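This report covers one protein model. Please keep the sequence and the coordinates open while reading.

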Amino acid sequence: MTDTQPIAVPTGPAGATSPRTSPGRLALTLALVSAAAFGTSGPFGKALFEGGWSPAAAVTARIGIAALVLAIPTALELRGRWHLLRKNLGVVLIYGMTGVAGCQLFYFVAVDHLSVGVALLLEYLSPVLLVGYAWATTRRRPSPLTIAGAGCALAGLALVLNVFGDVSLNLIGVAFGLAAAFCSAAYFVVASHSHDESLPPLALAGAGMAAGVLPLLAVGALGLLPMDASTEDVPFAGHQVSFLVPLLGIAVLAAAFAYVTGVLSARMLGSRLASFLALSEVLFAVLFAWWFLGELPLPIQLSGGALIIIGVLLVRASDDTAAA
């Protein structure tokens with residue numbers, strides 16, 4: 001599968017192409033909005049953890065509530081077109097098992113064996129995996145701009161996550177971190193895939209949430225991960241608030257809204273560019289931690305953010321050159 005590129009609109013009698021038009025700007029905006037929404041999961045999740053919730057319970061509740069929130073819009077979107085769900089059932093299952101459930105389950109297992117920064121760094125290798133996937137499937141070597149962009153983005157990610165220093169590696173943790181990366185890459189491939197019989201983005205996100213919550217419930221029922229929850233008030237943004245505040249935040253904003261806008265942007269931008277833009281989630285997470293939790297970003301993290309932005313711009317320039 002090749003990436004879906006934004007379309008440049010021919011203008012004038014010579015058929016010259018105009019600069020990227022509003023659909024391109026809309027796609028970039030949606031990708032950044034999605035990354036920002038995903039980035040809020042850190043403060044919301046930390047509030048739940050400090051209130052006695054286990055990560056697995058928080059993730060299961062997050063995806064389950066998001067599935068309920070999207071259930072009615074999904075049904076309305078598919079009204080009279082339920083055959084699309086039957087034709088795309090395999091896509092929905094892959095989306096739910098990888099992008100919804102797999103990423104989070106494998107990441108949390110990796111965190112049990114690695115530092116948070118290293119686990120995230122492994123998970124966010126997905127853009128590089130997608131570059132390699134495109135190279136293997138098309139037999140076309142990535143452009144120098146793409147390779148340079150990947151290098152800059154990964155170096156910036158390492159700085160933002162501040163993985164340098166006392167870093168210990170565990171083979172089990174590394175294996176699950178890489179599994180999370182493959183799931184993340186699969187998410188972008190599935191989300192960006194579009195044809196005449198594809199599910200609408202909202203329906204794909206809604207059905208994917210329903211498919212993704214099933215393995216999470218199975219993991220809890222089998223006792224593979226602790227499922228601890230509490231209805232006590234939790235600390236959030238310097239105040240004691242109801243547990244419903246962070247729970248609804250992590251489910252509605254950081255899941256339902258984030259996944260829908262993520263699918264929309266991936267279909268407009270293609271899997272590769274969308275995955276690189278998704279790296280900005282880490283930057284937003286740092287900023288939200290600063291805003292809500294008072295955790296100030298370090299200078300090295302700000303430098304890493306600049307490198308990520310440079311990397312994304314290089315990949316975008318590579319796509320523009322290819323389109324031209």
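## Basis

Contact here means heavy atoms within 4.5 Å. The model is predicted: local features need pLDDT of at least 70, side-chain atom pairs count only at pLDDT 80 or more, and totals for chains, interfaces and linings use all residues. Residues are numbered from 1 along each chain as its sequence is written, and side-chain values use heavy atoms, with hydrogens and water left out.

## Overall make-up

The protein chain has 14 helices and 4 strands. Both are DSSP runs numbered from the N terminus: helices are H or I with at least four residues, strands are E with at least two. Of the 324 residues, 49% are buried. Buried means under 20% relative accessible area, exposed means over 50%, and partly exposed lies in between (1.4 Å probe, protein chains only).

The accessible surface of the chain is about 15100 Å². Carbon and sulfur atoms account for 70% of that surface. Accessible areas come from the Shrake-Rupley method with a 1.4 Å probe; for residues, only the protein chains shown count as cover. How many of the contacts between residues at least 6 apart in sequence join residues at least 24 apart? The share is 86%.

## Aromatic pairs

The structure holds 10 aromatic pairs. One of them joins Y187 and Y259, edge-to-face, with 5.9 Å centre to centre and 90 degrees between the planes. This pair links distant parts of the chain: Y187 sits in helix α9 (residues 171-192), Y259 in helix α11 (residues 244-269), 72 residues apart. Y187 and Y259 are both buried.

A pair of aromatic rings is described by the distance of the centres and the angle of the planes. Rings of Phe, Tyr and Trp (its six-membered ring) pair if their centres lie within 6.5 Å; planes under 30 degrees apart count as stacked, over 60 as edge-to-face and the rest as tilted. Y187 and Y259 also belong to one aromatic cluster with F38, Y95 and F188.

## A254 in helix α11

Helix α11 also holds A254. Is A254 buried or exposed? A254 has a relative accessible area of 0%, so it counts as buried. Leaving aside neighbours within four places in sequence, A254 is in contact with A37, F38, T40, S41, R62 and G249. The C-alpha atoms of A254 and R62 are separated by 8.5 Å, although the two residues are 192 apart along the chain.

## Salt bridges

A search of the whole structure finds 2 salt bridges. The term means a side-chain nitrogen of Lys or Arg within 4 Å of a carboxyl oxygen of Asp or Glu. One joins the side chains of R81 and E77 at 3.8 Å, N to O. R81 has 33% relative accessibility and so counts as partly exposed. E77, at 30%, is partly exposed.

The other partners are E197 and K87, whose closest N and O atoms are 3.3 Å apart. This pair links distant parts of the chain: E197 is in the loop between α9 and α10 (201-221), K87 in helix α4 (residues 83-87), 110 residues apart. E197 counts as partly exposed because its relative accessibility is 30%. K87 reaches 56% and therefore counts as exposed.

## Two serines

S275 lies in helix α12 (residues 271-277). Its relative accessible area is 1%, so S275 is buried. The side chain of S275 reaches the backbone oxygen of R272 at 2.6 Å. Not counting residues up to four places away in sequence, S275 touches P127, L130 and F188.

S280 belongs to helix α13. S280 is buried because its relative accessible area is 9%. A polar atom of the S280 side chain lies 2.6 Å from the backbone oxygen of L277. Not counting residues up to four places away in sequence, S280 touches L32 and A35.

## Helix α13

Which residues of α13 are buried? They are S280, E281, V282, L283, V286, F288 and A289. The helix covers residues 280-293, and at 1.5 Å a residue its 14 residues should span 20 Å. The end C-alpha atoms are 19 Å apart, which agrees. The expected span is 1.5 Å times one less than the number of residues. After α13 comes G294, with a positive phi near 70 degrees.

Key: Polar contact = N/O pair within 3.5 Å; in protein donor to acceptor, adjacent residues only side chain to side chain.
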